[in-house]
Every structure is written in structure tokens, then in C-alpha cells.
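Here is a short note to read alongside the structure.

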Amino acid sequence: MTVQRLSRAEARRIAVRAQLLDRSRPAGVLEVVEHLTLLQHDQTAAVAPSADLVLWSRLGSSYSTAELRDLLDQQVLLEIHGLVRTSDYLALLRPEMETWPGAGELREWEVARRDWLLDNDACRRDILERLRADGPLPQQALPDTCVRTWGSSGWNNNKNVGRMLDMMVQRGEVAVSGREGRDRLWDLAERVYPDVPAVPADEAARQRAELRLRALDIARAHTTESPSAEPNDVGEVGEAATIEGVRGTWRVDPDQLDRPFAGRAALLSPLDRLVYDRKRMVDLFEFDYQLEMYKPVAKRRWGYFALPILYGDRLVGKLDATADRKAGVLFVDAVHEDEPFTAETAAEVRREIEDLAQWLALDLTLPET
């Protein structure tokens, strides 16, 4: 069995190039989504929603947010489990929908979800009936006729309709058909999704792993399960690899080895795929970062929604910025340098900040030096 032996720098360059963050920029929105396989559709807009930031960081200020909205409205792209996917990808998700809450022996949490849904089946049917008659509708317009409330240790206590909709998406019964502002509009999945048959489960799992490796190009074969709808590992696709100074065995796309690399500066969403798997981020980039929006102000080191700064094949700092749309200003509170920037790094990062302000159509206010 061939085992590729990589330095950290080689692994980083493979990862950056895979995420379309090298100097060769992609042509358009659809190319980006097809290659990355997903955009996280989080609506936090301290600077801009994450999906738009991810697209801007690849395409530059020529990207218009209307492009993403139009592709979603035309159902060329679909929002599924909070992720934007191409409509073709739906065929690879059908097996999970058809076997919900899971295939084979169920885990304890899968049993709990199944039982909660069964206890509240009348509410599920009421939601389907209301959508069939009046959909698409926002969540607040849907009936909560649950006889057993949803209990959790935190955010989702008693949020019955939201949890019900999540499970109905997983079952392929309802789908997001659009948005009114930040609110998702729900409809019957049969009126939103294309009529594509499910790929056999084993084949779907293999294809998803291959697409995931293409989007990452360097990933662990197996890692701890993530609460995200997208796993962080890739199974046995690709070739085995080791990374100097990093424990464990990885998988790499052999076609990406020994390719030339030309890097650039980029400002990343905190939910960008390059940094979303924080363990992989630390392993490859040795980068110290946490999203601090849920921390008390006094405990924040880098800011509410600090953007990781990429330069070449290194993550070199964080940008603490806020878009004040009423004032028409992008306020930059700080540029946190992990190590002092060279003059070239500082100049390229500054150009990216200026491009961000131009794309947002905001004036730029920088911290006093």
C-alpha cells in the first residue's frame, strides 16, 4: 500500500488549493458550490452572511449576492440541513432520507428522535396539511400541536416546530423553498426538490466521500462524529498519507501531489471549510482561533465575528470588523497579527480589506496607528 509522506507546508498548500483559495480564482458561483459541495447558509451578518463571505473570498468583489439568491430561487441550488448544495447532490442524500432515523441498529439518540416524532405524529401531519394548502410558509405560521414537548439542555427547549421541521427535512418530507429576509419559507419537499431517484446507499456514501475529498484534498480517514450535516472525514477514498509532525494517518487525493502553488491573501468566514474543522485547522495550520460571538465581551480576544486571515499557505491573523449598514461604514476595530506581518503581507491584507469594503459598498474606517 502506497503511503504518501507530506510536510506540513505541502499539506497546507494542498488544502488551500482544494478550497479554491490560491491565486487562480474560479469562474463563478456555481463552479464554487459544485467544487466545495456545500456552503453553510448561516445568516449572522456582522460582516456578511457566511455563504456570501465564502463566495466573495473566492470570486472577489465582482461577486453579487443576487447571484446566490437567483440560483436558490431557480432551485439550481437547494438549501438542505442549513447547507447550500447543487440540486444534483440531492440524489446522494436520498438514502439517508429514506432510512431515517438510521439504518441498522439505532443509537440511543436516534431512538429518542424516532420516539418523539412518533408521539407527535399528529403535529407532523398537521404541518404537512397546512403546507399542502397554503405553503410556502414561515415557521411561525405552522401549527404546534405536539403532545410531548422537545426537551434539551439548551437552545432547543420547547421549540417543537423547529425540531419537527428539522426531522421532516431529514425524512425528505419538507424543504426550504426560499427566504423572506432571514426567515426560511417551508413547503412540501415534492414541490421543491427535483424528482431524482436515490442512489443506492453504499454507492451514495462512496460518492459523497469522494466529493468530500475533492473539496478538501487532505483529510483524516476517520475522526470524531460532528454535529454538522457534513462529516469531516473521508473513509478510505484517495491514498493514505502521513504529515510530518502530525499524528495519525490521513487520506490525500494523489492527483493533487507535486502541483505548483501560488498563494494570495484572503479573509475567511469563521465557518469557511478551510477552518470549520478546528482540529484539522490546528493540525495543518497550527492556528489558534475560536468563534467568540457567544462569549462575554470581556472574554473576547479577537472580536465578535473575527475573520481568519490567510496569506499564502498560512493562517496569519484575525480581522475584527463590523459592517454598519445604517452608517454606511465597514469599521475595522483591529487586525490581529499572530506574528508581525511583513510589508508585503500587510499590503496584500490591506488590499483585501479594501476589496471587502468595496464589495459591501461601505466606506472603510481603519484603526488609528
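**Notes on the cavities and the overall fold**

1. In the lining of the second largest cavity, α10 gives the most, with three residues. Helices here are DSSP runs of H or I of at least four residues, and strands are runs of E of at least two, both numbered from the N terminus. This is a predicted model, in which local features need pLDDT of at least 70 and side-chain atom pairs count only at pLDDT 80 or more, while totals for chains, interfaces and linings use all residues. Residues are numbered from 1 along each chain as its sequence is written, and side-chain values use heavy atoms, with hydrogens and water left out.

2. That second largest cavity has a volume of about 80 Å³. A cavity is a set of points, on a 1 Å grid over the protein atoms alone, where a 1.4 Å probe fits but cannot get out, and lining residues have an atom within 4 Å of a point. Grid points are joined across faces, edges and corners, and the volume is the space filled by probe spheres set on the points. Its lining is made up of Leu216, Pro231, Asn232, Arg273, Leu274, Tyr276, Asp277 and Arg280.

3. One of those lining residues, Asn232, sits in the loop between β8 (218-220) and β9 (239-243). Is asparagine 232 buried or exposed? Its relative accessible area is 18%, so asparagine 232 is buried (under 20%; exposed is over 50% and partly exposed lies in between, with a 1.4 Å probe and protein chains only).

4. Now for the largest cavity, with a volume of about 140 Å³. It is lined by 16 residues, and Leu38, Gln40, Leu271, Arg273 and Tyr276 lie nearest its centre. At least two lining residues come from each of β2 (39-40), α3 (50-59) and α10 (273-276). Across the whole structure, the search finds two cavities of 30 Å³ or more.

5. Stepping back, the protein has 12 helices and 15 strands. Its radius of gyration is 22 Å, close to the 21 Å that the globule rule gives for 369 residues, so the protein is as compact as a globular protein of that length (the radius is taken over C-alpha atoms, and the rule is 2.2 Å times the number of residues to the power 0.38). The C-alpha atoms fill a box of roughly 65 × 60 × 40 Å along the principal axes.

6. Finally, 51% of the 369 residues count as buried.

Terms used: On a 1 Å grid over the protein atoms alone, a cavity is a set of points where a 1.4 Å probe fits but cannot get out, and a pocket is an open set with protein on both sides within 12 Å along at least five of seven lines; lining residues have an atom within 4 Å of a point.
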